[in-house]
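Hi! Could you keep the model open while you go through this note?

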Amino acid sequence: MGGAVNQNQQPARRSGAIWALVITSVAGFMAALDNLVVTTALPSIREDLGGGLEDLEWTVSAYTLTFAVLLMFGAALGDRFGRRRLFITGLTIFTGASAAAALASGIDALIAARAVQGVGAAIMMPLTLTLLTAAVPAARRGAMLGLFSAVTGVAVATGPLIGGSLTEHISWQWIFWLNVPIGLLLLPLARLRLQESHAPDARLDVPGTLLVSGGLFGIVYALVNGNADGWTSPRILFCLIAGAVLLVAFARYSSVAKKPMLPMRLFRSRAFFGINVASLLMFLGMFGSIFLLSQFLQGVAGYSPTEAGLRMLPWTGMSLLVAPVAGLLSDRIGGRPVVTAGLALQALGLALFAMVLEPGVSYTAQLPALVISGIGMALYFAPAASVVMSSVRPSEQGIASGANNALREVGGALGIAVLGAVFAAQGGYESPQAFSDGTVPAVWIGAGALAAAALVALLIPGGRTRPDGTLSGSPAAAAESDRTPVAV
């Protein structure tokens, strides 16, 4: 009798895992895509809606700002009120805001819609990993997260290509209309196919929420606007100092509170600390470099947005080919060697870019850097997600995902700000030579950040994910082991 039940449960479990993978991957694709999809549409948006340079920057930054600031709050809401319920809420907000952005009649309305899009993505995105992790057995988690990461990695890397193609061949509004039918299709599927889950005894941490949200807002706002306003301007300095003070206060509060949003003890885990610091450095180096290299292909090499995107395919397409293999490898040998190798290859790829970039450089000369960077990025994403989720207890996976995503977003904003400042100090947009003069030292810094990330990743304990979903050698694994005799 028990065997028959198990046989019936296996297909149901497998079907649930597949549905969870499909729904969360498509939702993650939309949220990740909207980070960069608007960049190549900015000239057309300015032509239609008007606005100055600062308005166009806010068209990109309004989404990044609300997304980064509210990620941890979105994860906490899901833990407290139901992860499926809040995932559907976030997806609804994101879909509605996408339609509002497409219908915007002025630049201010578009910026407001982009900010609301970020709110929806911040609620939805951290819960994608939690819902997928809950639906997949620990032994197959790396493979599933590999597929998930392949989809979201492609979204990040192909955002400029998709945005440029839609703008060039249809209209810029379609970069937002694209989300609407997909969101409307996902909503009933999420309601019917995803299992509801909560974190045990979850409560909203109001003081912690206010401190971390205010701190992240100050830091990200300053990073987004530092180059435009000047890093010594009173507003930027105030935001940096106030943001840092609030984040220190959040860390202090979370170390003594009984039920904090983000327990500081998690950072005593070498796995959790290592993967989060490595993630911040990875996004700093890679996002800042992509921001400049995609412009190099258009502004110096003379390609159209679509042509530039196509020539990035050796980099971007590697996510589809390598990320699933990376997930399987992390199941077999553990996440540390795969993550470390991926970060080291990305550092090598950027170093190769820095050595060949100059006006008139051939595409063939750039090809090795594109391929190596793509393989490195694909090797990083899936094992990194698996390490984050297995370094904490199942009840803490929601907030762990939110914290990791928030640090990635801060890293991306920091990368664009730091590498952009180096670019502006060493070169500029005046000529192809000036652009190259600014890009080369900036990309060297990006390569250095990724090399540092590879070294930090060595802190992650070795070993594979245990059957209970925790990482061998992590405090979460020890806690689960301690609890086993009690359960028996």
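Here are my numbered comments on this chain.

1. **Ground rules.** This is a predicted model, so keep in mind that local features need pLDDT of at least 70 and side-chain atom pairs count only at pLDDT 80 or more, while totals for chains, interfaces and linings use all residues. Residues are numbered from 1 along each chain as its sequence is written, and side-chain values use heavy atoms, with hydrogens and water left out.

2. **Confidence.** pLDDT is the predictor's confidence in each residue, from 0 to 100. The chain has a mean pLDDT of 78, with 82% of its residues at 70 or more. Have a look at residues 1-9, where pLDDT stays under 50 and the model has zero contacts beyond four places in sequence (contact means heavy atoms within 4.5 Å). Residues 466-470 also stay under 50, but there the model has 20 contacts beyond four places in sequence.

3. **The overall picture.** How many helices and strands does the chain have? There are 19 helices and zero strands; these are DSSP runs numbered from the N terminus, with helices being H or I of at least four residues and strands being E of at least two. Of the 488 residues in the chain, 56% are buried (buried means under 20% relative accessible area, exposed over 50%, partly exposed in between, with a 1.4 Å probe and protein chains only). Take the contacts between residues at least 6 apart in sequence: 82% of them join residues at least 24 apart. The accessible surface is about 19,000 Å², and carbon and sulfur atoms account for 66% of that (the areas come from the Shrake-Rupley method with a 1.4 Å probe; for residues, only the protein chains shown count as cover).

4. **The cores.** A nonpolar core is a set of buried Ala, Val, Leu, Ile, Met, Phe, Trp, Tyr and Cys residues joined through side-chain atoms within 4.5 Å. The largest one here has 135 residues, and Phe87, Trp315 and Leu343 touch the most other members. Helix α11 (residues 270-299) gives the most to this core, with 15 residues. There is also a second, separate core of seven residues, including Ala323, Val338, Ala378 and Leu379. Back to Leu343: leaving aside neighbours within four places in sequence, the residues in contact with Leu343 include Ala278, Met282, Tyr380 and Leu450.

5. Is α11 enclosed or open? With 22 of its 30 residues buried, α11 is largely enclosed by the rest of the structure. Its end C-alpha atoms are 43 Å apart, which agrees with the 44 Å that 30 residues should span at 1.5 Å a residue (the expected span is 1.5 Å times one less than the number of residues). Ser294 is found in this helix and is buried, with a relative accessible area of 15%.

6. **Leu131.** You'll find Leu131 in helix α5 (residues 107-135). Leu131 counts as buried because its relative accessibility is 5%. Phe87 is 44 residues away along the chain, yet the two C-alpha atoms are separated by 9.0 Å. Not counting residues up to four places away in sequence, Leu131 touches Phe87 along with Thr24, Arg83, Arg84, Leu194 and Gln195.

7. **Aromatic rings.** Rings of Phe, Tyr and Trp (its six-membered ring) pair if their centres lie within 6.5 Å; planes under 30 degrees apart count as stacked, over 60 as edge-to-face and the rest as tilted. By this rule there are six aromatic pairs. Tyr63 and Phe67 have ring centres 5.6 Å apart and planes at 50°, so this pair is tilted. Phe267 and Phe272 form an edge-to-face pair, at 5.0 Å centre to centre and 70° between the planes. Phe267 is partly exposed at 26% relative accessible area, whereas Phe272 is buried at 0%. Elsewhere, ring pairs link Phe296, Phe423 and Phe435 into a cluster.
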